[in-house]
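User: Please take a close look at a single part of this structure. Then show me how the rest of the picture builds up around other parts.

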Amino acid sequence: MIEQYLPIILVLVVAAVFAAAIVFSSRLFGPQQPSKIKIMPYESGKDPVGSTHERVSIKYYIVAMMFIIFDIEVIYLYPWGVEFRNLYNEYGFFAFWPMLVFLIVLELGFLYIYKKGALKWD
Amino acid sequence: MTANTEIFQLLPHLVIGVGIVLSVVIEISTKKSESILPWFTILIFVFAGAHSIINVYDYQILFGGMYAIGGVTAIFNFIFTIGAAIMVLNAVDYIKKSKMNFGEFYILVQSSVLGMMLMAGARDLFMIFIGLELMSICFYVLAGINRSRMGNTEAALKYFLLGAFATGFIVFGIALIYGTAKSTSIDQIVFAYEYFITDVLFLTGLALFVIGFLFKIAAFPFHMWVPDVYQGAATPVTGLMSTTGKAAAFSVLIIILSAVFTQNITNNFEILFAVIATLSMLYGSIVAIAQDNLKRMLAYSSIAHAGYMTIGLAAGNIESVSGIIFYLTAYAFMNLGAFGVIALIEGSNEENLDINSYSGLNSKSPILAGFMALFMFALAGIPPMAGFFGKYYVFVASIKADLTWLAIVGVFSSAISVYFYLRVVVYMYFKDSTSSIIIKNSFTGLLAVIISGLLVLVFGILPDTLFSIITSVLSY
């Protein structure tokens, strides 16, 4: 059982050794004459301006979190919508009400966020 | 098709679930939500608790073996809902005093209680996990609900990071159990427990699962978060976390190991639990002696109490299960009462938590001093209070399981713990007041303390009322 995976492990080991060898040999044997322009982050691009560790306003996180609400909604609604005809034939309207309850609870959460003023941008 | 009607069997859960949704509506629709929500919350908790305890003999398995109602689950639901109701009653004035009067507080308490109820009733590993996450995430937020306090934020962050780590253990354990048992149904796992337990992978998975929950009950090697979190979180929240949260974790431990308790199978975890119980009891009792902050002292005492209850898991017979459940009930009300008194005496900005603030309390507020003494005696396990019978039943179960040495260690540890519990009583009655604390009158807070005090006395004087229900329920 486990022997069948031996070729895969061999390929992984050979690949890792080969990649490491290439990287280190160019480091070892290649000529290195660094200059200020060469060691800049984007050698042929624009000069970097300011620090990369900038703080992002917390408003973006709230929008991102609200995106998750709609994400989950779609994830559940889509397969339910595709299969609804079969579900209806089997369960009748019991296939319909749970999704309505789910939507009400979800939209109440959205209404809560809206009422608490999370969508005000200033 | 049967799921259509089965859903109405879950009336307490439905009431709390609808209550959460309605609370959100109340919170966003009126400005006065802070004065409506506490009473609404208490109302649904009391209804759910009463419904559970009335239907305690109505044991049913629902949703194709996914969920159980009645029986032990009903007793756990009673602990969760009534404990949370007492805590909310106590918190009404506390959260006004410390300026964290958000309506979300009550919504989060309701959600966490729903999570606990799902944990206690679950008969499937995934249901347990959903309930655990619902409870834990609400607790993380509740621990840090007062954003302006440093201690609160620290508590929430520490609890979240370590709690998430423990949850990882649980998920990995579930994966291994599912991989070997080919099922997540607890009934199937329990049914073929004897066969599975010889499998090393299953044993590893079960051990990881148990370790995750030992973290949640704050047993010894997994207790690092307890003192900081219990000290930093708001006092009523600490009361809720240390009592109902512990009960919820124990309900899962009892269910997953129920094969050991009901069938005559050798308890593979006997040594593990015995060692953990010994270390928790001794560590909690000895370190609590050195604490001057009352919340921190109760945090270490909570570790010790987790140890006493773990004796029951080590004993692994049917008596020990009823002992653990009785202990959890008694512990819930005495600890909630103690934290209730602390919440009443605490100042608006985490002052007066030191033991010196309690010196001469008897002359200022004889009622509070009396109840604090009652809870301290109960926690120490002195006979007329419920704490004594909790310990008694657990120790008797361990003697029946040939673990007499564990019972002796337990008695020894209780003797140590008497020192720091009674130190508070000595300060209250035999020292002159050194601090000039002003105790704000709070009718609801006092009412919560009185109710928990009465429950501690009732379960202590008439332990058989509860114990006979537990034993008769456990027979099926």
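Analyst: Start with A:Tyr78, which sits in helix H2 of chain A. Helices here are DSSP runs of H or I with at least four residues, strands are E runs of at least two, and both are numbered from the N terminus. This is a predicted model, where local features need pLDDT of at least 70, side-chain atom pairs count only at pLDDT 80 or more, and totals for chains, interfaces and linings use all residues. Residues are numbered from 1 along each chain as its sequence is written, while chains are lettered from A and ligands numbered from 1 in the order in which they are written.

Is A:Tyr78 buried or exposed? A:Tyr78 is exposed, because 10 other C-beta atoms lie within 10 Å. The cut-offs, with C-beta atoms placed from the backbone, are 20 or more others within 10 Å for buried, 12 or fewer for exposed, and partly exposed in between. Now compare positions. A:Leu10 is 68 residues from A:Tyr78 in sequence, and their C-alpha atoms are 43 Å apart.

Next, confidence. Helix H2 (residues 58-91) of chain A has the lowest in that chain, at a mean pLDDT of 86. The highest is in helix H1 (residues 6-29) of chain A, at 92. pLDDT is the predictor's confidence in each residue, from 0 to 100. Chain A averages 84, and 98% of its residues score at least 70.

Chain A also touches chain B. Seven residues of chain A and six of chain B make the contact, meaning C-beta atoms, placed from the backbone, within 7 Å. On the chain B side, helix H2 (residues 11-29) of chain B gives the most, with four residues. That side has five nonpolar residues, one polar and no charged.

Now go inside. The largest nonpolar core has 175 residues, and B:Phe375 and B:Val456 touch the most other members. Helix H16 (residues 318-345) of chain B gives the largest share of this core, 19 residues. Set aside neighbours within four places in sequence, and B:Phe375 contacts B:Met334, B:Gly337, B:Ala338, B:Val341 and B:Val456.

B:Val456 is among the buried residues of H21(B), including B:Leu455 and B:Phe459. Helix H21 (residues 443-461) of chain B has 19 residues. From first C-alpha to last, H21 reaches 27 Å, close to the 27 Å expected at 1.5 Å a residue. What covers the buried residues of H21(B) includes H16 and helix H18 (366-380) of chain B.

How values were computed. Two residues are in contact if their C-beta atoms, placed from the backbone, lie within 7 Å. Ala, Val, Leu, Ile, Met, Phe, Trp, Tyr, Cys and Pro count as nonpolar, Asp, Glu, Lys and Arg as charged, and the others, Gly among them, as polar. A nonpolar core is a set of buried Ala, Val, Leu, Ile, Met, Phe, Trp, Tyr and Cys residues joined through C-beta atoms within 7 Å. The expected span of a helix is 1.5 Å times one less than its number of residues.
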